[in-house]
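Hi,

Here is the structure I said I would pass on. Have a look, and my notes follow below.

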Amino acid sequence: MDLGALLLGVGRFLLSTTLILLLTVPTAFVVIQMELKIIAGSQLRYGPNRIGPWGMFQSTIHGFKVLAKEDHIPDQADRATFTLAPWMVYMAAAMSMLVIPFAPGAIAADFNIGIVYFFAVLGLSVVGLLIAGWASYNKYSLLGGLRSAAQMVSYEIPLTLSVVGAVVLAGTLNFRELIEWQRAHGWMLLWQPVGLGIFYIASLAEINRTPFDMVEADSELVAGPFTEYSGMRFGFFFFAEYLALFIMSGVMISLFFGGWLAPWPFPAELGGFLGTVYGVFWFFIKTYIFVAVAVLLRATLVRVRVDQLMGAAWKVLLPLAMINLLVTAAAVVVFNL
Amino acid sequence: MTSDVKIPDPLELERAEEARLRSAAGLAPAARTGGEYSGFESVGLPDRPPETEREQELYTLDEGEMLVNMGPQHPSTHGVMRLVVKVRGEVVIDIDPVLGYLHRGIEKLCENATYTTVMTYVDPMDYLASMHNEHAPAIAFEKLFGIKAPKRAEYIRALVVELNRVFSHSLMMGFLALDMGGITPILYSFINRDEVVDLLSAISGQRMLFNFFRVGGVNFDANDEFFSRLGTWRANVVKTIDMSERVITDNEVFRARTIGMGVLSGKDAIALGVSGPNLRASGVPFDVRKAHPYSIYPELEFEVITHAAGDSNARYLQRIAEIKQSIHLIDQIVDKMPHGPVQAQVPGIIRPKPGRAYGAVESPRGLYSVYAVSDGGPNPYRFRMRDPSFISLQAIPKLMPGHLIADTMAVMASFDPVMGGVDK
């Protein structure tokens, strides 16, 4: 490999990671703002309406507020791991964003095992939460950290298995190729409805959203692993949580709802910069629809209990995902799809 | 000159004093792992040797067990209750409610007050049922003094008391959901409550601590604003209650979290002294309004509602049924309300003959009663109150072992305790 190609590769890597990192902050702001406004609407409140038009900059102000807060580390806490944990959780979310296909030509890292990479990296956040729970030297944190370990490890199995059906059908682990397959064969939603159902439930559990927010169960464990965190360290957990919601919705629409594809077939081939803009437009529309659905769920449902949650994962979702995979694989072989 | 003066650390002084007291009492020095906060292991442990067998049992930890201290500053202990929970993993082994963080000595304050001013002190006890708090001493003092409130006053009393019951129960629906992580029902509950509170402030002049009852009557007659607001409220209330109920009642997750949780049998409930909706949800048809009728309840038509299951869900459904029943009672009261005065002739300073009297009412949390003794002076010689939430809380340590931490909060909320009343 000559030096030019190497430099180009390094430059491309630096540019795309910087862009992704820069993108995480406004994304989290938008998701938080949606949460504030949609929940307010369903609770018959106005919600934020003072900062900016329609209170648009409320979450931005929240972001700056956590910067100004005192950063406090308990005396008994393990300082090294205590400070490491927020970074691990945040970086897990930010790194998994690298393979999100925003539009044709707008994928930070378009490589052949993108789906495997995504689930592997997102799973790292559980390590951060477990560390946070252990390092905080607080019993609520400890219980929350252990809950997060149990919950996320259990749900990762049905979550990943539910996608394998789609992967077998499309015959690729690359997000871009999977979306191109959907352009030719129709959205994966039509081929894998059971897989979609399992994926949606398991993804809510994986990112600790209501009704599966066991980890940060505020009426039981105060704030779970985040109890002892303050200032920007807490802010990073907070950002990562909302970022994960966006990422999960993005991955779900990429896998099952055609990603950047418009709901209708025209314009069939929109190349170049225009095609990228058009793809980004549809990607964000679809993703934020599912973010809004998750927020509405939070406004509606109560939290399930920890044993009910684990029971659902091992007794219902896992067998269902297995059967789904089996049927899909058999169909692929028999009908030579 | 001043630069030489070393200002001692107050924390060090406190520790030195503690060490001195400990050595004087013949105790071992307090275990300190260093640092500003005491150690992880000792959180929840009392800083003294156990005094009773029960304490010995609770604070002795086996392998794999841990004490979790919930409260007094915890998001869902309904005020300032503290629960010391012994857990093995997530399973509760033992539980010890520690009370007294909101103790204000209201009974003693009442003993130092005149009979008329007692009403101002009892208001903030059970702050979600202030009208009931005032009703029981009014009944007791009227017995002591040998007077009767006029008929219209009794009707107005029954009306405001039932209105209060509606908002108290409707808040319970929201708090129960909140303690399970549902964030919306509580807002609907507060909307329902606000409408009733506006009504009550139209008649009494205050939104929360009404100070409305008087010995021998009530403070104000029902005015036009009150009745016009009552009409508007009555036209919509069934719909709004149904609406907020629909978010919760048939919710699959809510049902899974409440059915079969914290089952209290009727026999146990009676043995523990639990009363009110919590007792009726265990299938025991005891209602003070029927069993020991007071005020105008004998003239009104209503049934004692019960639910057989005795679990959290039954306690919740019991409240909803009672809201509907209270609305039915309010209809009858408004229908039958006579004209006339609302205050009997009472001297400025009441001096009853020596004697004793007992007044009991059915508050939203159960049998709330007042026992007053007079020595002939201008203030009660003895004044005691039985608060139903205090008694209900006794059921928590009995029910919770074997359940999970998550259910501790949910079951506690289903008993609907109000710490203002528990700690007095």
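Which residue stands opposite B:Val68 in strand 2 of chain B? That would be B:Val85.

Some housekeeping: this is a predicted model, where local features need pLDDT of at least 70, side-chain atom pairs count only at pLDDT 80 or more, and totals for chains, interfaces and linings use all residues. Residues are numbered from 1 along each chain as its sequence is written, while chains are lettered from A and ligands numbered from 1 in the order in which they are written.

On confidence, the model has ipTM 0.79 and pTM 0.83. Chain B averages a pLDDT (the predictor's confidence in each residue, from 0 to 100) of 85, with 94% of its residues at 70 or above. Residues 33-40 of chain B fall below 50, and that stretch makes 10 contacts (C-beta atoms, placed from the backbone, within 7 Å) beyond near neighbours in sequence.

Strands here are DSSP E runs of at least two residues, numbered from the N terminus, and two of them pair if DSSP finds at least two bridges between them. Strand 1 of chain B is joined to strand 2 (residues 82-88) by six bridges, running antiparallel. They belong to an open three-stranded antiparallel sheet in chain B, order 1-2-3. Strand 1 (65-70) and strand 3 (91-98) of chain B each have a single partner strand, so one side of each lacks a neighbour in the sheet.

Further along, strand 7 (residues 366-374) and strand 8 of chain B are antiparallel, with five bridges; B:Val370 has B:Met385 as its bridge partner.

Cheers

How values were computed. Helices (H or I, at least four residues) and strands (E, at least two) are DSSP runs, numbered from the N terminus. Two residues are in contact if their C-beta atoms, placed from the backbone, lie within 7 Å.
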